[in-house]
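Thanks for making time this morning. I have one structure to go through, and I will keep to what can be computed from its atoms.

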Amino acid sequence: MPLYDYRCQDCGEFSVLRPLSQWRDPAPCPDCGSACERCVSGAPAVSALSSAINRARAVNERAAHEPRSTRGGHGMGCGCCSGAKATGRTRQTADGGKTFAGARPWMISH
């Protein structure tokens, strides 16, 4: 249930925990008992959220303008950064056929 703020003309402001279905209904003042209308006295308490929600919001804000990569550089087998030719598992035979180093000959690859 949310906490709503109310203002009594004689006694001042007070807060009441009420169901969402009663958000428009006036609340009785705890001191004098008169019906009081709801007032908006301040900003919502965002700091009262759990630390997990605050961290998730911070990640969403950060990801919008500085996305984080999980790997550095261009990834595995990048030939432009290391200067060496990238070697794969494919080997050429003398007659022009292909074989795969360390692969099982009876397996069909994609």
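I will begin with the surface. The protein chain has an accessible surface of about 9,500 Å², and carbon and sulfur atoms account for 54% of that. Please keep in mind that this is a predicted model.

Next, the overall layout. The protein chain contains 2 helices and 6 strands. Read from the N terminus, the order of elements is β-β-β-β-α-α-β-β. Of the 110 residues in the protein chain, 9% are buried. As for contacts between residues at least 6 apart in sequence, 18% of them join residues at least 24 apart.

Which residues make up the largest nonpolar core? There are 7 of them: Tyr4, Tyr6, Cys8, Phe14, Ala27, Cys29 and Cys36. Strand 1 is the main contributor to this core, giving 3 residues.

The structure holds 1 aromatic pair. The ring centres of tyrosine 6 and phenylalanine 14 are 5.8 Å apart and the planes meet at 20 degrees, so this pair is stacked. Phenylalanine 14, at 10% relative accessibility, counts as buried because the cut-off is under 20%.

Leaving out neighbours within four places in sequence, cysteine 29 is in contact with Cys8, Cys11, Phe14, Ser34 and Cys36.

Back to the outside. Where is there a nonpolar patch on the surface? One is formed by Met1, Leu3 and Leu17, which together have about 370 Å² of accessible area. Leucine 3 sits in strand 1, which covers residues 3–8. Its relative accessibility is 57%, so leucine 3 counts as exposed. Leucine 17 is in strand 2, residues 12–17, and with 52% relative accessibility it too counts as exposed, because the cut-off is over 50%.

What does leucine 17 touch, not counting residues up to four places away in sequence? The answer is Met1, Pro2 and Leu3. Leucine 17 and methionine 1 are 16 residues apart along the chain, and their C-alpha atoms are separated by 6.2 Å.

How values were computed
Residues numbered from 1 in each chain as written. Predicted model: local features only at pLDDT ≥ 70, side-chain atom pairs only at ≥ 80, totals over all residues. Heavy atoms only, no water. Patch = residues over 30% accessible without salt bridge, like charges linked within 9 Å, V, L, I, M, F, W, Y side chains within 5 Å. Areas by Shrake-Rupley, 256 points an atom, 1.4 Å probe, with all protein chains shown as cover. Salt bridge = Lys/Arg side-chain N within 4 Å of Asp/Glu carboxyl O. Helix = DSSP H or I, 4+ residues; strand = E, 2+ residues; numbered from the N terminus. Buried < 20%, exposed > 50% of the residue type's maximum accessible area, 1.4 Å probe, protein only. Core = buried A, V, L, I, M, F, W, Y, C linked by side-chain atoms within 4.5 Å. Contact = heavy atoms within 4.5 Å. Phe/Tyr/Trp six-rings, centres within 6.5 Å; stacked < 30°, edge-to-face > 60°.
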